[in-house]
Amino acid sequence: MTTLTAVPASAAVRRPRIRNRYLRGLATPRGVIGLALVGLVLAVGLAAPLLTSYDPDFQTADALVSPGTGDHLWGTDEIGRDLLSRLLYGIRSDVLVVLAAVPIAALVGCGLALLATAHRAADVAVQRLFDLLLSFPGLILGLTVTAIMGVGRGTIIVVIALVETPAFGRLLRGAILVHRDREYAVAARVGGAGPLRLLTRHVLPNAADPVVVHVALAMSVAVILEGAMSFIGIGIRPPEASLGSTLAASRPYLEDHPAYALGPLAVITALVVGLNLIAEALNRGARR
Amino acid sequence: MTVSVEKPVAPAAAPTTTPLLSVRGLHVAFDSERGPVHAVRGVDFDLARGETLAIVGESGSGKSTTALALNRMLPAAGRITAGSVLLDGALDLVTASEAELREVRGARIGMVFQDPMTSLNPLLTVGRHLDEAMRAHGVDRRRRTARAAELLDLVGIAEPAKRLHDHPHQFSGGMRQRVMIALALANEPDVLLADEPTTALDPTVQDQILTLVEDLGRTLGTATVLITHNMGVVARSAARVLVLYGGRVVEQASTAEALGTPEHPYTIGLLRAVPRLDAPYGTRLEGIPGTPPDLAAPPVGCAFADRCPLAGDRCRTEQPPLRTLPGGRTVACWVEDAPAVLTAAGSRSAAAAKPKAPLAEVADAAPVLAVSSLGKVFRSRRNRVVALDDVSLELFRGETLGVVGESGSGKSTLVRTLVGVHSATSGRILFEGRDITRPGRADQRALRRSVQMVFQDPYASLNPRLTVGAIVADPLVSQGIGTPAERRRRVGELLERVGLDASAADRLPRDFSGGQRQRIGIARALAPEPSVLICDEPVSALDVSVQAQVVNLLADLQAELGLSMVFIAHDLAVVRQVSHRIAVMRAGRVVETGPAEELCAHPRHPYTQALLAAVPSPTPVSARAAA
Amino acid sequence: MTGYLLRRLPSAFGVLLLASFAIFLVLRAVPGDPAETLAGSDPSPAAVDAIRHDLGLDRPLLAQYASWLGHAVRGDFGRSYLIGGSVSDLLGQRIGNTVELTLGALVFSVTLGLVLGVLGATVKNRFGQTLLSAFNSVSLVVPGYVTGFVFVFLFAVTWQVLPAGGHESILADPQIGFQYVLMPALVLALPVSAILSRYVKDGIEQALSEDYARTAKSLGVPPRRLLWRHALPNALPPVLTALGMQIGVLLGGAVVIEAVFAWPGLGTLAEQAVTRRDYPVVQALLLFLVAVFVVVQLLTDIAYALLDPRVRLG
């Protein structure tokens, strides 16, 4: 027998400070900026009642007031509603849609992926369903579903869920199939691991990365899609405040009253950029 | 093996002429996350016109990097940090401009790479490939068209004019390597750099390609630099050899000298670690203990000092210079008479090594594992692949059954069907007399306890997210064996049993080298105390010196634990080393079965004969002729 | 190649037929009776029945489908329930405008995608790399309606070099028409160009790192030729697949961008038809989209086969 084989010291001692690879990814400049942007938007949305005293639907006598003048910090719109209130409450309605739709998509998509990887017949059916859904670009799907379901918040949630479900499903299905055929998974089967243990102990921990990263990306897609639908008038409709509909309403006043459009533009950009930075940070963390 | 009489002689006769290539003090570093990795650390050599020089070493020795550095073909992360490469004693390729280099590449120095499947552009026809090669050096169009067919003919491709219009995917691996050689020789270069040109090929094809390179080198007068890890290839094809270790030349000599009377302890160790078909049956391999140095933090002294039985204080603090010995060979070692000292030490270990215990009489014993007319067909939507066709084998208690075959012979499918990862399409598998072809729950459980497996790829076969302890304990947890405390203790025992420290249990697989990972895989397989161990190419991803360690470990475990073992490999010499009996597979069928020594000495089936003839022996031709 | 086409065409036709039936069925199965909607408030049952008969809604479903499809292939999509007038007339000019915008965006995205992608794979200095990747990231993640507002504010409001919105036919007066289409098409194109350029860049880098690129380099093939003749062709097939998928995205995005730039395309019509459930219009729109998808898919597959001998020769 050969002597005890020493482990190279250089490889052994260096152990990162943060053990969880996702947290390690988020603790980079990219991740911190992303978290800060998204956190800031969420915080002002949550604190809306504390930050403004106006009801978002209340019409004052002063229409199209510029920021900083009078009692309105960010001015008013064409029928005298306080723009700051409408922006902050608009964030709330946006976030509500995103937080409802993305988890549904993630759960349904991952559930279908698990089903598809468990049964061959189910796989064919699920794959066809995903193909069908993916052949619709998001907005076309939005128009179609709205034609069937009518305009409303529920419709937007369904649309986002339909767009993102196949994305989650495909990512997880693909990752499971890859990792299930890796030699370490075969080794676990030979070692006696049953299907459940194989999945939970060996395959899923290795296959989960793309799904985790995609949560942030899906949220960014959801923000964009909700904004677009509300913008063209098939999403959340006035008088209820939303970022997309406020942006649409501001279009005629872009020249004289740019602050009107600036609010929703800044918030949507911050959310989308922040979420994409988070996704990239998670991705880099997972690849280490 | 054919008799080679007209091997080129080492060019000791022409010291006055300028060498074709003259490499001095070559240093190459790669950027990595851990800082620069010093892959080549001062390589010197000359190449004369028309000679064949082999550069041999294990992975990480710097042999491929040296080759790529010669005409500055290093990947983006690599750079030459010092040294010179003089072509014709005039042009220094290290400092040459890109334009000058382009003139040299292809026209003066041609290259052949390891993997013919990926080295040709899938979108271009073979004709276009040849055309591009000549176009780059200003050959006019009419001449190019005519010469392309000539070149294909030269490398032995039938109907050359017709095949010019075919794309790479329409050629087999061996044929593609012929095309690569045609490309490399298209502009009649003076130097052919061949980087592991036959490693990706099956032995029978490997033999043809080596013959082609030799013949063309001779007829065209091309000097060949042959990069290889295979001592057999060196013995077969090269006149002179350069042995690299840890990024430095440790020995340079004629092939006959280097392989016959090696001077450097590393060369000596390497040659002892190579399994040989012509060694007496039952001779134990000698691995080199330890692992190659970490070149991100290269050792100050001799790179081999950590693994060298003769290393003294000076070896660890000071790099040995290349000493010139009588006859022109050079060696970099502080110990003056290493071979003699080593032989004195080695005789002791040789005595300690017990010959393979003869297998107890098994004639009337029932086999542990029996396979009869096993068939496996893979069906996809489009096609149907017969992976196993009427395979019948028996494995007796305490025996090692070797299974050899080239890629695609069905040997991996066979073992995966044996352990129940694939289900058989037809035939029967009997384990201790019970039919386990389609096992029920109870049979499945018994099977998992008794039959375990060691995998080929030491990197892919360990779950990267689990600690070594969790990996080794996994079968125990899966099968509900023992309490957590008992499992922990067992893991510690197992790790020490396979030659690792028990503290390894808390680390992740990425902290370990390939050989160490393979030990972890073996520990995992041994965890449920199986009676049958199935090894699927357990050493084919490992370097020779490490391969010997693992082969010995498996042989020892087999003998001590009384395991019945199936050992799969494509290298007949390795299989012969560990097996009592050998089965030869080809295209899903077993073509011959017999006692290991008998089968290798007197093969009956023409395929076995071809396989044996194709394995290059690491014994220099001259020595073989004398014997 | 002909054989490949013959194999591919029937399936494209089948998809089109199947999709048309699905479109017809889904919109017929939804709750809400257009006849009741049309009849106004508190209608008499007789009036509703009359309208229903008038629209052909009282016939068997399959018969309705057959007659709808029969008319549709002749360009007759029936009459709009709500807006009034023939659907073909409603769609006619607007389809042309939307196609103009989408094609403009397609040209921009392919050009930008190729140029930025090749630059991304070849520019080696750090500053250039950072600049390119920042531009790409911003184009990719910022939604078109946000970019659109920023562009209008900069080019129309602040610098006043381009019209803030509206449409002039590019066929009637190319110069003026171009001024109107430039901004919306560019805004629509940016995210798609970012995706394409990433495929081009990754594809080229991948191809250049392949063993066959090393082979070419070892033969003395000059870098420029290596890039254009050896690497780029290998990078194109995935770009093509992505492009095929992105054409749908462009059409969908056009609906939004039209709203930003007051572009008289299908967008406003789609919004009205959808929110008010004007089925004949919705059906015609969806059928148009499906037809575009099927044709694009077919073209992509053909181009793919032309590019890659392994697909063509099997």
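User: Why is Tyr22(A) called partly exposed?

Analyst: Tyr22(A) has 18 other C-beta atoms within 10 Å. A residue is buried if 20 or more other C-beta atoms lie within 10 Å of its own, exposed if 12 or fewer, and partly exposed in between, with C-beta atoms placed from the backbone; Tyr22(A), with 18, is therefore partly exposed. This is a predicted model, where local features need pLDDT of at least 70, side-chain atom pairs count only at pLDDT 80 or more, and totals for chains, interfaces and linings use all residues. Residues are numbered from 1 along each chain as its sequence is written, while chains are lettered from A and ligands numbered from 1 in the order in which they are written.

User: What makes Tyr22(A) part of a helix, and which residues is Tyr22(A) in contact with?

Analyst: Tyr22(A) lies in helix 2 (residues 21–26) of chain A. Helices (H or I, at least four residues) and strands (E, at least two) are DSSP runs, numbered from the N terminus. Contact means that two C-beta atoms, placed from the backbone, lie within 7 Å. Leaving aside neighbours within four places in sequence, Tyr22(A) is in contact with Val212(A), Leu282(A), Gly285(A) and Ala286(A).

User: Why is strand 3 of chain B described as largely enclosed?

Analyst: Because 5 of the 5 residues of strand 3 (residues 52–56) of chain B are buried, the rest of the structure largely encloses this strand. Thr52(B), Ala54(B) and Val56(B) point one way, Leu53(B) and Ile55(B) the other.

User: How do you know that strand 3 of chain B pairs with strand 8 of chain B?

Analyst: Two strands pair if DSSP finds at least two bridges between them. Strand 3 and strand 8 (residues 223–228) of chain B have 5 bridges, in the parallel sense, so they qualify. Val56(B) stands opposite Thr228(B) there. Strand 3 of chain B is also joined by 4 bridges to strand 9 (residues 240–245) of chain B, running parallel, and Val56(B) has Val243(B) as its bridge partner in strand 9.

User: What makes a set of residues a nonpolar core, and how many residues has the largest one?

Analyst: The set must consist of buried Ala, Val, Leu, Ile, Met, Phe, Trp, Tyr and Cys residues joined through C-beta atoms within 7 Å. The largest nonpolar core has 353 residues, and Ala222(A) and Ala182(B) have the most contacts inside it. Helix 8 (residues 174–209) of chain C gives the most to this core, 18 residues.
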